[in-house]
Amino acid sequence: MIAPKSVSFTTAFIMMMQITQAFIVVPPNAAGVSPLVEQVRVVPSVVDLSSAPVASSSNVLISQIMLAAADANNKAPAAKSTNVASGSGVSITDIHYDGIVPKTEADEYVIISNNGSNNNVPVDVSGYYIYVATTGTQGPTFYFPKGSSIKPSSSVRLYTNEIHKETGGYSYGSGKALWNNNGGLAVLKDSNGKKLGEYKYKPAQ
């Protein structure tokens, strides 16, 4: 039985670098000639290591290098989301969908609250908008005018077609009911069009 030939550390390292598609430059000796190779250019190819009698110590070294590279990739910091809306403390907290005004239900209203973690600062909601999304698309939409804000731990109301200054004075100005009495959905977005939240409702059974 002939004992398998062992491969030197340098040869094993070159084989490993062929797999990873890199370049190796070996400094020349005193005579100006590299003892092994002056430059090795790796051409992408499939290397069959099963036929190479690599010594066990070289296998261990290659495995350790590859594991270290994989571990470094796993620890890379994840990219931060760019879809985080500002003023996330503002949300829709209730919808009074069944008004008592005949036919038009002008007294329907949506409650928008400021329940953010910073309870000492009003939230500027200029340009924020709320729309009816019961059908799955953007329906009637209300935009908060410039200068609108909601005080800390406070709420405002958005009426279908009434003005109540004591609750903000906001109104859709719609001549017909907006909120389906059988259930629906409202969406709130900030001035950049990023969703702050939504409110789904349905009548009690």
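Visitor: On what basis are residues and features counted here?

Guide: Residues are numbered from 1 along each chain as its sequence is written, and side-chain values use heavy atoms, with hydrogens and water left out. In this predicted model, local features need pLDDT of at least 70 and side-chain atom pairs count only at pLDDT 80 or more, whereas totals for chains, interfaces and linings use all residues.

Visitor: How many helices and strands does the chain contain?

Guide: Helices (H or I, at least four residues) and strands (E, at least two) are taken as DSSP runs and numbered from the N terminus. Read from that terminus, the order of elements is α-β-β-α-β-β-β-β-β-β-β-β-β-β. The count is two helices and 12 strands.

Visitor: What percentage of the 205 residues counts as buried?

Guide: Buried means under 20% relative accessible area, exposed over 50%, and partly exposed in between, with a 1.4 Å probe and protein chains only. The chain exposes about 13,500 Å², of which carbon and sulfur atoms supply 55%; these areas come from the Shrake-Rupley method with a 1.4 Å probe, and for residues only the protein chains shown count as cover. Of the 205 residues, the buried share is 32%.

Visitor: Which residues does leucine 158 contact, leaving aside neighbours within four places in sequence?

Guide: Contact means heavy atoms within 4.5 Å. Leucine 158 is among the core residues that touch the most other members. With those neighbours left aside, its contacts are Glu108, Tyr109, Val110, Ile112, Ile130, Phe142, Tyr170, Ser171 and Tyr172.

Visitor: Which residue is the bridge partner of isoleucine 130 in β7?

Guide: β6 and β7 run antiparallel and are joined by three bridges. Within β7, isoleucine 130 has as its bridge partner phenylalanine 142.

Visitor: Which strands stand at the edges of the sheet with mixed pairing?

Guide: That open sheet has four strands in the order β3-β4-β9-β10. β4 and β9 pair in the antiparallel sense over five bridges, whereas β9 and β10 run parallel and are joined by two bridges. One side of each edge strand is left without a neighbour in the sheet because each has a single partner strand, and these edges are β3 and β10 (170–171).

Visitor: Which residue in β9 stands opposite serine 113?

Guide: Along β9, arginine 157 is the bridge partner of isoleucine 111. Opposite serine 113 stands serine 155.

Visitor: Is threonine 167 buried or exposed?

Guide: Threonine 167 has its place in the loop between β9 and β10. Not counting residues up to four places away in sequence, threonine 167 touches Val156, Arg157 and Tyr159. Its relative accessibility is 18%, and therefore it counts as buried.

Visitor: How far apart in space are valine 132 and alanine 186, C-alpha to C-alpha?

Guide: Valine 132 is found in strand β6 and counts as buried because its relative accessibility is 8%. Its contacts beyond four places in sequence include Tyr172, Leu178, Trp179 and Leu185. Valine 132 and alanine 186 are 54 residues apart in sequence, and their C-alpha separation is 4.9 Å.

Visitor: Which residue's side chain forms a polar contact of 2.6 Å with that of aspartate 124?

Guide: A polar contact is a pair of N or O atoms within 3.5 Å; within protein, one must be able to donate a hydrogen and the other to accept it, and residues adjacent in sequence count only if both atoms are side-chain atoms. Aspartate 124 lies in strand β5 (residues 123–124) and touches Ser148 and Ser149, not counting residues up to four places away in sequence. The side-chain partner at 2.6 Å is serine 126.

Note on methods
Core = buried A, V, L, I, M, F, W, Y, C linked by side-chain atoms within 4.5 Å. Pairing = 2+ DSSP bridges.
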